[in-house]
Every structure is written in C-alpha cells, then in structure tokens.
Amino acid sequence: MTSTAAPLDLLLLPTWLVPVEPAGVVLKEHGLGIRDGRIAFIGPRAAALKLSATDVRELPGMLLSPGLINAHGHAAMSLFRGLADDLPLMTWLEKHIWPAEAKWVDEAFVRDGTDLAIAEQLKGGITCFSDMYFFPKVASDCVHNSGMRAQIAIPILDFPIPGASTPDEALRQGIELFGDLKHHPRIKITFGPHAPYTVCDGNLEKIRVIAEELDAAIHMHVHETAFEVQQAVEQTGERPLARLGRLGLLGPRFQAVHMTQISEDDLALLVESNTSVIHCPESNLKLASGFCPVERLWQAGVNVAIGTDGAASNNDLDLLGETRTAAMLAKAVAGSATALDAHRALRMATLNGARAMGLESEIGSLEVGKAADIVAFDLSGLAQQPIYDPVSQLIYATGRDCVKHLWVAGKQLLDDRQLTRMDEHQLTETAIAWGQRISGHSE
C-alpha cells in the first residue's frame with residue numbers, strides 16, 4: 001500500500017479513510033500520502049508519521065473518500081435554475097427550456113453557467129462531472145481553468161442547436177475538440193446524441209462509427225419516460241434501447257442516462273452489452289419521469305452510476321444529497337430495506353461513475369497509483385453524532401455543507417470550505433445578473 005522513495009508532497013491524517021475499493025472497508029487512524037498529483041501511500045497512522053512529507057494535515061473528525069463523480073448533467077443550465085418548475089418533461093422542454101435556450105444560450109451564457117456549476121460542485125465534494133451542453137469548447141475551457149476533472153459530451157440533435165447549425169457540424173466540432181484534448185490530463189471528450197427521439201438512425205450510425213474509430217464513449221438520454229418508450233413502440237414497433245442495440249451503439253463505452261423504464265428484454269440487452277446506466281433520481285422524481293430499478297440492475301451485474309442532471313430540473317448539483325435520495329428510493333422501488341446500502345451508494349457515486357466514463361484506472365477509489373482526487377467530509381458536528389458506521393452517517397445524516405476540503409490531481413481546490421481558484425462572490429453576482437436579464441425578458 002505504499003510507494004515512498006521520495007518525500008511526499010502532502011500527508012493527510014483523517015479519522016476515517018474509505019477507499020471504496022476494496023468494497024465495504026473503513027480504515028481508522030490511517031494516513032494517505034500524495035506525490036506528484038497521485039496517491040503514493042496508504043497505511044496506518046504510525047507508519048505514515050515516519051514518512052518525510054512537505055506538508056502534513058491533521059483532519060480530526062473527518063472522513064476521507066474518493067471525490068464524488070457526477071455522471072450526468074448540463075452545467076450551464078445552472079443559469080436556468082428554477083425557471084420553469086413543477087411541469088411535466090415534454091411541456092418543460094418544449095414550452096420553456098428550448099425557447100429559453102434559443103433566446104439566451106451563447107458562449108457567454110455557457111461560460112458563466114459552467115463556472116457557476118463547477119463552483120457549486122466543488123463545494124459539494126464533486127471532483128469530476130459529466131457535462132452535455134452547447135458550446136462544449138467553452139465548457140472545456142472552464143474545466144481546464146478550474147482545475148476540475150470532467151467528461152464533456154458533444155451534443156448532437158437532428159435540428160440546429162446553439163453553436164452548431166447541423167448534426168454534421170456538431171460532429172466535426174466534436175472530432176476537432178477530441179483531437180485537441182486527447183492528451184489533456186483532466187478532460188475527456190465523448191459524443192452526446194441527445195435522445196432516441198431527437199436523433200435519426202443515420203446520425204446515430206455516424207456517431208457509432210466515429211466513436212469506434214476514436215475509442216470514445218457515447219452519452220445519451222434513454223428511456224427517460226414511459227411516454228418516450230410508448231411513442232417509439234407505437235411509431236416503429238421497437239423500444240428505443242432495442243433500436244440502439246440494433247444500430248450497434250450499446251456496449252461498455254455507452255452511458256444510458258435515466259433508464260426509468262426497463263423490461264426483461266431491456267435488462268438482458270444492458271447485461272449482454274455491458275452498458276452503464278446513469279441514474280438521476282431527483283430529476284426523475286421532480287419531472288415525474290419514473291423510477292430506475294437500481295437494485296434490479298445492480299443484482300444483474302449492470303454498472304449503475306449517479307448524476308444530478310441539470311440544475312434546471314433538479315434544482316441543485318448536490319451529488320451527496322442525490323446519493324441519499326438514490327439509496328432511499330432504491331429501497332422503496334425494490335420493496336427491500338437492504339437494497340442499495342450506504343457503502344454501495346457511495347460506490348455508485350464514485351467508482352461506478354469512473355467505470356461508466358472509462359476512468360476507473362485513474363479515479364473513483366483511493367488506491368496507490370491513482371490520481372489524488374479526494375474529498376474530506378467533516379463528521380464532527382452535532383447532527384452526525386454518535387458515529388457507529390461513518391459511511392452510513394455520510395450517506396444518511398450528512399449534507400454537502402460538511403464538505404471541508406477537496407483535491408483534484410493533488411491540487412487543493414477547496415480549503416476549509418473556501419474555493420482556492422474561483423471567486424465565489426463574483427460568480428454569485430454574475431448569476432444574479434443573468435437571472436435579472438432572463439426574468440426581465442420572459443413572458
């Protein structure tokens with residue numbers, strides 16, 4: 001568990017260390033050492049204190065875990081937070097969100113909205129997020145400047161979108177951005193066809209070919225509502241997931257977002273193809289879209305990760321809260337109090353997200369050699385006492401306000417709840433200004 005030839009850059013000494021892999025383990029009074037942005041040591045506190053380290057941080061009452069991974073969202077939509085609440089999905093999209101996007105979304109909107117989302121996520125313990133929104137080059141610049149880690153999915157629809165007048169233009173931009181960033185240490189480019197009902201077979205086949213050639217992932221909303229599935233069956237006689245399977249899109253690089261409707265045939269397809277499912281429980285609840293059967297998927301061997309979706313439909317980017325909701329909801333859906341226990345819920349919010357993005361060798365667990373993407377949760381507060389199982393306490397009794405420190409690739413981006421690279425006051429002022437502009441011109 002150690003690699004200590006040279007002095008450590010940083011030695012962290014928490015009360016609890018939860019590596020996530022191996023599963024279900026809680027290490028008490030252990031230390032974690034970082035060198036050159038990677039985890040170089042994990043071992044008992046006594047052994048840790050014998051090591052040479054440039055900086056030693058005592059973290060009493062804190063739980064150290066892998067950084068949380070938000071496996072699905074639309075970062076810039078944070079500027080639409082609360083714009084059109086309490087509406088069904090298609091009304092929300094067609095009558096409110098799409099018209100607002102057509103009117104307001106430009107490069108400045110995406111830059112300011114993505115920065116706002118990055119700051120909110122860092123303060124909530126998220127070290128890596130998946131983003132699927134317009135002007136992906138702008139979003140990738142925001143990620144680069146912030147020090148955070150992200151998967152950027154190139155949005156592709158059959159009709160014009162902000163920043164790309166045709167699907168072919170969006171694909172060209174995606175291929176170019178993929179080439180520009182293929183060696184970036186913290187940004188991974190994927191392809192994001194919006195949904196089966198907005199992308200035709202011809203464009204999906206183009207995406208499949210390009211993704212195969214580049215060994216890139218595909219990130220897509222699939223089976224978000226019963227209506228989507230029913231409409232497809234009425235029009236074509238085929239369920240959307242079956243169509244994606246027929247077109248050859250499913251596989252270990254495919255990320256199926258939402259999946260609230262899963263038949264036995266759907267489940268078999270997911271298992272056979274080794275497709276990952278991204279579960280967004282709070283957005284699905286708020287839009288009354290349905291319930292993803294997480295425990296059924298998990299027991300079948302499907303990799304299930306978790307995402308917040310965008311702040312326009314959630315309305316926050318709080319992955320810790322999302323994970324708590326997921327654990328509770330999984331029990332109700334399965335009719336079993338043992339479904340998605342706290343340790344598995346944390347795994348879903350960390351290593352499973354990394355696996356879905358093809359990053360499991362780099363992030364998602366605290367293991368020597370992996371990138372030092374780490375979060376420290378403060379469990380010393382009144383509402384966390386007494387502590388029998390710190391992971392249960394984290395999932396069921398702790399909010400994101402307990403996130404104390406956060407590192408990405410060994411760089412501290414949150415120090416004692418304060419952002420180290422971003423101006424929180426300025427971000428707030430900018431968001432307020434956007435809200436005034438948008439509300440002042442909305443009907």
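Predicted model: local features only at pLDDT ≥ 70, side-chain atom pairs only at ≥ 80, totals over all residues.

Q: How does the radius of gyration of the chain agree with that of a compact globule?

A: The idea is to set the value of the chain beside the value for a compact globule with 443 residues. Such a globule would have a radius of gyration near 22 Å, and the chain has 21 Å, so the two agree. Along its principal axes, the C-alpha trace spans about 65 × 45 × 45 Å.

Q: What share of the contacts is between residues 24 or more positions apart?

A: Take the contacts in the chain with a separation of 6 or more; residues 24 or more positions apart account for 73% of them.

Q: Now the helix pairs. At what angle do α12 and α15 pack?

A: For a pair of helices, read the angle and the distance between the axes, then the residues in contact. Helix α12, residues 319-334, packs against helix α15, residues 390-397, at an angle of about 95 degrees, and their axes are 8 Å apart. An angle of 65 to 115 degrees counts as roughly perpendicular, which is why α12 is described as roughly perpendicular to α15. On the α12 side the contact is made by Leu-320, Thr-323, Arg-324, Ala-327, Met-328 and Lys-331. On the α15 side it is made by Leu-394, Ile-395 and Tyr-396. By type, the residues of this contact divide into 6 nonpolar, 1 polar and 2 charged.

Q: Are α5 and α6 roughly parallel or roughly perpendicular?

A: The axes of helix α5, residues 167-181, and α6 cross at roughly 10 degrees and come within 11 Å. Angles under 35 degrees count as roughly parallel, so α5 is roughly parallel to α6. From α5, the contact involves Pro-167, Asp-168, Leu-171, Ile-175 and Phe-178. From α6, it involves Asn-203, Lys-206, Ile-207, Ile-210 and Leu-214. These residues divide into 7 nonpolar, 1 polar and 2 charged.

Q: Asn-203 is in that contact. Is Asn-203 buried or exposed?

A: Asn-203 lies in helix α6, residues 201-214. Asn-203 has a relative accessible area of 10%, so it is buried. Not counting residues up to four places away in sequence, Asn-203 touches Asp-158 and Pro-167.

Q: What is in contact with His-72?

A: His-72 lies in the loop between β6 (68-70) and α2 (89-104). Its relative accessibility is 0%, so His-72 counts as buried. Leaving aside neighbours within four places in sequence, His-72 is in contact with several residues, among them His-219, His-221, His-258, Cys-280 and Asp-309.

Q: Is Lys-28 buried or exposed?

A: The residue is found in strand β2, residues 27-28. Lys-28 has a relative accessible area of 52%, so it is exposed. Apart from residues up to four places away in sequence, Lys-28 touches Thr-15 and Trp-16. Lys-28 and Asp-318 are 290 residues apart in sequence, and their C-alpha atoms are 27 Å apart in space.

Q: Which residues other than glycine have a positive phi?

A: One of them is Asp-36, with phi near 55 degrees. Asp-36 lies in the loop between β3 and β4 (38-44) and is exposed, with a relative accessible area of 66%. Glu-29 is not a glycine either, and its phi is about 55 degrees. Glu-29 is placed in the loop between β2 and β3 (30-35) and is partly exposed, at 37% relative accessible area.

Q: Which residues does a cis peptide bond join?

A: To read a peptide bond, look at omega. Glu-21 and Pro-22 are joined by a cis peptide bond with omega about 5 degrees, and Pro-22 is in the loop between β1 (10-17) and β2. A cis peptide bond also joins Gln-385 and Pro-386, with omega about -15 degrees. Pro-386 lies in the loop between β14 (374-378) and α15.

Notes
Residues numbered from 1 in each chain as written. Heavy atoms only, no water. Axes fitted to C-alpha atoms, helices over the stretch in contact; angles between N-to-C directions. Helix = DSSP H or I, 4+ residues; strand = E, 2+ residues; numbered from the N terminus. Parallel < 35°, antiparallel > 145°, perpendicular 65-115°, else oblique. Contact = heavy atoms within 4.5 Å. Nonpolar A, V, L, I, M, F, W, Y, C, P; charged D, E, K, R; others polar. Rg over C-alpha atoms; globule rule 2.2 N^0.38 Å. Buried < 20%, exposed > 50% of the residue type's maximum accessible area, 1.4 Å probe, protein only.
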